[in-house]
Amino acid sequence: MKKWLGRLAVVLCLITVVGVLIIYSGFRASLPTLDGSIEIASLNDKVILERDENGNATLTASDRNDLAFTTGYLHAQERFFQMDLARRMPAGELSELFGSVALNSDMGNRIHRFRSRATTAINMLSAENKLILDRYVDGVNSGLDDLGSKPFEYWILGAEPQDWQVEDIYLVIYSMFFTLQHADGSYEWNRHLIEQSMHPDIAKFLLTKKTPWDAPLQEDASPYVAPEIPSADLLKWNDNIQVSKSLNRDVSPMLGSSNWAVSGELTKTGGAMMSNDMHLSIRAPSIWYKLRMKLNDGSLDISGVSLPGTPLIVVGSNGSVAWGFTNTNIDSTDIIELDINPNSENQYMTKDGYKDFNLMSEAIQIKGSEAQELKIRETIWGPVMDFEDGKTYAYQWVAHKPEGASMGLMAMETVTTVAEAMEIASGVGIPAQNVMLADSEGNIGWTIFGMIPKRPPGVYDRIIHWSDPISTWDGWMTSDQYPRVYNPDHDRLWTANARVASGADLAAVGSSSYDFGARANQIKDDLFALPTQVTEKDLYDIQWDDNAVFLSRWQQQISGVLHNAKDDAFTPYLTEIDNWGAKADANSIGFRLVREYRNQVVDTLLGEITASCIEYDKNCNYDRATNQWEAPLWQIITDQPEGWLPPKYQSWAFFFEKMAVEAWQPVISGSVALNEYTWGAYNVATIRHPLSAAVPLLDKLTDMRPFEQSGDTENIPHISGLVKGQSERIVVSPGHEEQGIMDLPAGQSAHPLSPYYGTGHDDWLEGKMTPFLPQATKWSLEFTPFR
């Protein structure tokens, strides 16, 4: 018996080993081809794909269409699963892969019908651009077919990858609209709730649009003047409302970016220089794919980051002009209250009288379940959306329009000056972006890329009826009507998602969820503190600036509170706060104490003040109505006006002390020792593969190592968070790309067995400058026409 049991054990071990080898072999089979030669029947001429040791790619061809094909091939072999997610999310098709767990997301997204809208937009393409897209799609599908096995994620999910289509390129663009704008109307809706539930004077004070921290490029005509705090008699306190911590900016901080430029008057080379770091979700692999594209005749040499699923460089330099983006947060959406025909619920009022709703149905395919039908009502403005208040609303969004998404950004491949780049602004169909421009002649400029609707004068961040002819979108602004700044006298430009325009330009583009101005203000100050003969490292250092300029006043405030308390129990905390270092440093205990104290004050005081809005609508969220709440908050806690302290607190001093005690509960309760309560212990970079949390042990292969970070999620240049942060760091002077810098957080490849999986991550964490251009070739793949 022992002999047979031994033999059985050996057999089982062999079966296990064979099984593991089979799985490993299949896993390896989905690696991209790195070296050799591939024959492609549809190529016009030879194309060379070179990769350096980090997988950074250079494509060299004789024909732009061949570049498009090989870009698609490269993207598919390295990133197809990530591309698939990017097309499925805006289309509302994730349930086909993940089952009913994704159904709610799909129901919310499918209402926009972006796959159908993509088809309409494609019909507007020029023949030249349509051919480039067709060739890119051919390349994607060829690259997918040439893998020895489907990407490993599909084995895990038990699914088959579906071919790429031209519509999918547009869906990837629409995915960025979801990321950067409000698909659900949350900004305008929450402003509406505040205004409906609170006294007009209180609402106006809480929804201020300007603050003393603003640093617009277009200076305001008059300086900021703090408004008068309204009488507390107008407040509605409600002790029965449970105030929750709704301002959760760490797990889900505002998505944005920073960019700036200096003219050739300030640089060592005489060429202008541009810096850009886009703040998005950080995942493995990186969102962006580093790519250089060249034509043999020298007519094209463009480098930067591409977005897999599309055939173009999103941010980078073409040798003459460099450009980078930050989200503008201008008004690109409107919620429209509909007047329903009292005699027919299927009609709504327009300026031309009642119109029928366009009724349609979409079938959402669900893995493992029957399809779910989604019924949609469309208006001339956009789809009907349910805000659960008994009324009927339509939602108009730039992304819904055929011109909203396009291939206009490809024009950046050939522009030669900043002035020329500014002229293409109104033809670039992307979520509206602050574009920072710098050219080899030393010029710098700012304008907006993305479609901007023409509107008659009015207040469009409020919900209004559009049944009259006054309130409407009347086509699109032209490039010469866009706000712009060109070669300012001080030779510096900056944007950071906060308000950039002023006066008539601001009225034209409108106000949406502009970020608070502290980050932009600090970048501005950093730029004016630069030495002469600016180099790339000087601008790169600003990306790493973690000086806690904004939070310093909060440090002074809580320090004063604790000194005045004269309570020995506060002494160890006060010691750390007084010696905090004034930086968002991973090793700082004081920074974390100050930051958490502020968050506690914010959540409690603003939550109590806006409790009547939660009573009016349980989903009311003041933080989604404005990012400028720091201004009224600081005015309240410094002026301490009578009646503005919630009645449950006996004095402002008592309130502040209680906020400190509640903020520092983990230490006070003994759960964490004070000497271990560093900022870095909380601010740990968590960069994961989309599937690693759901698949045991996958994280060991796919996820980047956790890292205690300096920086913060808001209000300083060095943006770093738990799951979101600087998705790339670029500094480049056009014509001097070999001196440029480009850091990416999680490598080029999506395959854990790739020789360059995750490369660049440590450099990104530690601030080691990575060259902008791909370096010495390690792998070379030749594509040749099949004859």
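1. **Ground rules.** This is a predicted model, so to speak of local features a pLDDT of at least 70 is needed, side-chain atom pairs count only at pLDDT 80 or more, and totals for chains, interfaces and linings use all residues. Residues are numbered from 1 along each chain as its sequence is written, and side-chain values use heavy atoms, with hydrogens and water left out.

2. **Overall size.** The protein has 787 residues and a radius of gyration of 28 Å, which agrees with the value near 28 Å for a compact globule of that length. That radius is taken over C-alpha atoms, and the globule rule is 2.2 Å times the number of residues to the power 0.38. Along the principal axes, the C-alpha atoms fill a box of roughly 85 × 80 × 70 Å.

3. **Make-up of the fold.** The protein has 24 helices and 28 strands; these are DSSP runs numbered from the N terminus, with helices being H or I of at least four residues and strands E of at least two. Counting contacts (heavy atoms within 4.5 Å) between residues at least 6 apart in sequence, 74% join residues at least 24 apart.

4. Buried residues account for 61% of the 787; buried means under 20% relative accessible area, exposed over 50%, and partly exposed in between, with a 1.4 Å probe and protein chains only. The accessible surface is about 31100 Å², with 50% of it belonging to carbon and sulfur atoms; areas come from the Shrake-Rupley method with a 1.4 Å probe, and for residues only the protein chains shown count as cover. There are 63 positive and 103 negative charges, and their mean positions lie 5 Å apart. Lys and Arg count as positive and Asp and Glu as negative, leaving out His and the chain ends; each charge is placed at NZ of Lys, CZ of Arg, CG of Asp or CD of Glu.

5. **Helix α19.** This helix spans residues 630–639 and is largely enclosed by the rest of the structure, because 8 of its 10 residues are buried. Among them are Glu630, Trp634 and Ile637. The buried residues pack against α10 (200–206), α15 (552–565), α17 (589–609) and α20 (652–663). Just after α19, Gln640 has a positive phi of about 45°.

6. **Helix α14.** Residues 536–543 form another largely enclosed helix, since 6 of the 8 are buried. The buried set is Glu536, Asp538, Leu539, Tyr540, Ile542 and Gln543. Their cover includes α13 (518–528), along with strands such as β4 (256–262) and β26 (729–732).

7. **Glu378 and its surroundings.** Glu378 sits in strand β15 (residues 372–378) and is buried, at 6% relative accessibility. The Glu378 side chain makes a polar contact with that of Arg117 at 2.7 Å. Such a contact is a pair of N or O atoms within 3.5 Å; within protein, one must be able to donate a hydrogen and the other to accept it, and residues adjacent in sequence count only if both atoms are side-chain atoms. Beyond four places in sequence, the contacts of Glu378 include Arg113, Phe357 and Met360.

8. **Backbone spots to look at.** Arg113 is not a glycine, yet has a positive phi of about 50°; Arg113 lies in the loop between α4 (103–110) and α5 (114–122) and is buried at 14%. Asp491 also has a positive phi, near 65°, and is buried at 18%. Finally, the peptide bond from Ala284 to Pro285 is cis, with omega near 0°, and Pro285 lies in the loop between β5 (273–281) and β6 (289–295).
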